[in-house]
Amino acid sequence: MNDLVKSYLTRLGLDAEKPSVEALFRLHRAHVEQIPYETFWIHLGQKWGIDTLESFTRAATSRRGGYCFQLNGGFHMLLTHLGFRVSINPANVHGPEGPERIKLENHAAIIAEGLPCESNPGGRWWVDVGLGDALHYPMPLTNTTVQQDSMLFGMESAGKNGVGDWHLIADPSCWIAGVNMAEQPASMSDFEERHHFNMYSPESGYVKVVTAQLRKPHGKTILRGCVLTKTDGEVVTTHTSTSLPEWLDVLSDEFSLTFENVPEASLKKLWVKVQKIHEEWLQARESV
């Protein structure tokens, strides 16, 4: 296990250090900048699970990423082995319509405790490396607003909407509007049913669009289908890949994503699918 922890930290470009607020922030920032939120495994039929050891091992030994359950599950295990007091907690990502009064099941976040500082004397933090283009750093679990680079996030008690215990309000530029989370810890096995839906249901957004996302020091880098969008402060640029080799180069250069153990035929099949979806989107846009 020590070798895996060392490999994980090497991927993050960090050395092991004792738990502290500063160490937690360094780990969080490096994770969202280096290990991509990605759904290629779904579209390549790889059928990854959400067991925390599986996710932890993959992050430590490959150049792949995952989505919320896998990224936060693996990170939770890393933090635990580094001595942090952390728990996995049930949560629900929501859109602009606001949180629904339903079971907290479509997201799993992390609470870290025992790390007080001047701005957060209670020492409790919402830790989340599984939101793609959102949090760069942990958020204090207290009613507050925090500027993270050019993005503004809010934290409030969920008493207003009655869903869970805490409500994270995302910056308007994010793909989500907010997340609700409960204080009561959960096991990753509690999310198996939702994970199965995410992988296989035709209604799953993860099934509909393949994506890779990284948070960056002054923005974000996002690939949806074959379209790459990079945000750096006020500057937004886009690039559309037109061939499989070009697409794979973009994934490697921008996200450090490589597919050594994936058959070439599977990548070609996915590229054909991505091209078809993009062409249909272009046609629909032109017909409006």
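In which helix is histidine 76 found? Histidine 76 is found in helix α5. The model described here is predicted.

**Histidine 76**

The relative accessible area of histidine 76 is 16%. Buried means under 20%, so histidine 76 counts as buried. Leaving aside residues up to four places away in sequence, histidine 76 touches Val86, Ser87, Ile88 and Ile110.

**The nonpolar core**

The largest nonpolar core has 42 residues. Helix α5, the element that holds histidine 76, provides the largest share of this core, with seven residues. At least two core residues come from each of α1, α2, α3 (40-43), α4 (52-61), α5 (68-81), β2 (85-94), β3 (107-113) and β4 (125-127). Within the core, the residues with the most contacts are Tyr8, Leu27, Phe75, Leu78 and Phe84. In soluble globular proteins, nonpolar side chains tend to be buried together.

Leucine 78 is one of the residues with the most contacts inside the core. With residues up to four places away in sequence not counted, leucine 78 touches Val5, Tyr8, Leu9, Leu12, Leu27 and Phe56. Tyr8 and Leu27 also belong to the residues with the most contacts in the core.

**Helices α1 and α2**

Helix α1 spans residues 2-12 and helix α2 spans residues 21-34. Their axes come within 9 Å and cross at roughly 75°. Angles of 65 to 115 degrees count as roughly perpendicular, and α1 and α2 are therefore roughly perpendicular to each other. On the α1 side, the contact is made by Tyr8, Leu9, Arg11 and Leu12. On the α2 side, Leu27, Ala30, His31 and Gln34 take part. Of the residues in this contact, five are nonpolar, two are polar and one is charged.

**Positive phi in loops**

Most residues other than glycine have a negative phi. Lysine 47 has a positive phi and is a residue other than glycine. Serine 256 likewise has a positive phi although it is not a glycine. The table gives the values and the location of each residue.

| Residue | Phi | Loop | Relative accessibility |
|---|---|---|---|
| Serine 256 | about 55° | between α8 (244-255) and α9 (264-287) | 28% |

Serine 256, at 28%, counts as partly exposed.

Note on methods
Residues numbered from 1 in each chain as written. Predicted model: local features only at pLDDT ≥ 70, side-chain atom pairs only at ≥ 80, totals over all residues. Heavy atoms only, no water. Axes fitted to C-alpha atoms, helices over the stretch in contact; angles between N-to-C directions. Helix = DSSP H or I, 4+ residues; strand = E, 2+ residues; numbered from the N terminus. Parallel < 35°, antiparallel > 145°, perpendicular 65-115°, else oblique. Contact = heavy atoms within 4.5 Å. Nonpolar A, V, L, I, M, F, W, Y, C, P; charged D, E, K, R; others polar. Core = buried A, V, L, I, M, F, W, Y, C linked by side-chain atoms within 4.5 Å. Buried < 20%, exposed > 50% of the residue type's maximum accessible area, 1.4 Å probe, protein only.
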